[in-house]
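Please open the model in your viewer and keep the sequence panel beside it. The tour below moves from one selection to the next and says what is to be found at each stop.

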Amino acid sequence: MLSNRRYDIDWLRVIAIGLLVIYHIAVGFQPWGVFLGFIQNNETLEWIWTPMAMLNVWRIPLLFFVSGMGVYFAIQRRDWKALLLERTKRILIPYIFGILAVVPLHVWLWKHYYHQDMEFVLSPMHLWFLGNIFVYVLIFTPLFFYLKKHPNGRFQQIMSKLLSHPAGLLVLMLPFIAEAELVRPDSFEYYAMNAHGFWMGMLAFLTGFLCVYSGQTFWDTVTKWRWLLLVIATTLYTLRLLEGEFNAPLYLKSIESSLWIFTVFGFGHRYLNKSSKTLTYLSQSAYPIYILHMVFLYLASWLLFPLDIPAPFKLALVILLTFIGCFAAYEFVVRKIRFVRPLFGLKV
């Protein structure tokens, strides 16, 4: 059982949220961006889809994995009442606040840009992830605290032995393959507010918890085999790339997704398990930035897309303005104003 602070997991959470922001920015330069509710630039940059297609199969599942791991560490110093109270403050309150105050802002910008009726919209939009996580905490709290009371029980020993061998990683993939084949989503990569996202997220959340619960063996295995995992994941992605439209059977996309995630955990454990002041700051700011980033992304798009400048230059400017806006809002508003902090999941 692991109980010490895991800086690599903190880094991966920060990196995953950073990739999410970059991904959302890139959607505005795709020919179908407007159909997903993004402000779309007239001149598209379809080449961006090449790296996006690689990220798309694992960026959201990774966040669910990391969230489940975070709950493992949280319950080591809390009882079930304290966990639910803490998750209500950190997840449910920002979720509700975001639906009421954050999402309507970027929806208003979209509607204004496309000359739509300026009606007030209540929707989770990009915050759907928080709603799912809160539901998973409610569902799995009894199981998690049962496992906490049996830190070296029979199940923990089975998991530890299973994950001491790379074949154990194949076993972890099986539920994800089953989910993809049973739910059969129209798009494996589209997770927001649908059955595929809910069930895949639930599996990833639970699996993330169990990977940490199993002990050091999981981390030893993914670290030892990280290069082979990377090669296989890259091979599956290359096959999709050569196919022309990045298509593949659902079970293969599910396998590729898991392989990328295990690869990331292996390299993260090997190179990122170190504390730093930068990590401390980014860990605290990442969650508010996740909540706010769509407002500043849409504002930057609203300002820049009508301008007659090359699309690559616009892309760079949108990235720059989005992150400047997010960090400025965090530093000068969210972080500094006492009553605002809990609305973004921060302690007062």
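Is E331 buried or exposed? E331 is buried, with a relative accessible area of 17%, where buried stands for under 20% relative accessible area, exposed for over 50%, and partly exposed for what lies in between (1.4 Å probe, protein chains only).

Before the next selection, note that this is a predicted model, in which local features need pLDDT of at least 70 and side-chain atom pairs count only at pLDDT 80 or more, while totals for chains, interfaces and linings use all residues. Residues are numbered from 1 along each chain as its sequence is written, and side-chain values use heavy atoms, with hydrogens and water left out.

**Charged pairs**

R335, at 31% relative accessibility, counts as partly exposed. If you then select K336 as well, you have a network of salt bridges that links E331, R335 and K336. Side chains of opposite charge can pair when their charged atoms come close.

The structure holds 9 salt bridges, and another of them is found by selecting D10 and R13, with the closest N and O atoms 3.2 Å apart. D10 is buried at a relative accessible area of 7%, whereas R13 is partly exposed at 26%.

Select next E86 and R87, whose side chains meet in a salt bridge at 2.4 Å, N to O; both of these residues are buried.

**Helix packing**

Now show helix α7 (residues 166–183) together with helix α9 (residues 216–224), which pack at an angle of about 105° with their axes 9 Å apart. Axes here are lines fitted to C-alpha atoms, for helices over the stretch in contact, and angles run from 0 to 180 degrees between N-to-C directions. The two helices, α7 and α9, are therefore roughly perpendicular to each other, a label for angles of 65 to 115 degrees, with those under 35 counted as roughly parallel, those over 145 as roughly antiparallel and the rest as oblique. Display the side chains of P166, L169 and L172 in α7, which meet F218, T221 and V222 in α9, contact being heavy atoms within 4.5 Å.

Keep α9 on screen and bring in helix α11 (residues 250–271): the axes of α9 and α11 come within 8 Å and cross at roughly 100°, which makes α9 roughly perpendicular to α11. On the α9 side the contact is made by Q216, F218, W219, V222 and T223, and on the α11 side by F262, F265, G266, H269 and R270.

**Cysteines and a last stop**

How many disulfides does a search of the whole structure find? The search finds 0 disulfides, a disulfide being a pair of cysteine sulfur atoms within 2.5 Å. Select C211, which is buried with a relative accessible area of 1%, and then C326, likewise buried at 1%.

Finish at T280 in helix α12 (residues 277–304), a residue that counts as partly exposed at 44% relative accessibility. From T280, draw a distance to A328: the two are 48 residues apart in sequence and 17 Å apart in space, C-alpha to C-alpha.

How values were computed:
A salt bridge is a side-chain nitrogen of Lys or Arg within 4 Å of a carboxyl oxygen of Asp or Glu. Helices (H or I, at least four residues) and strands (E, at least two) are DSSP runs, numbered from the N terminus.
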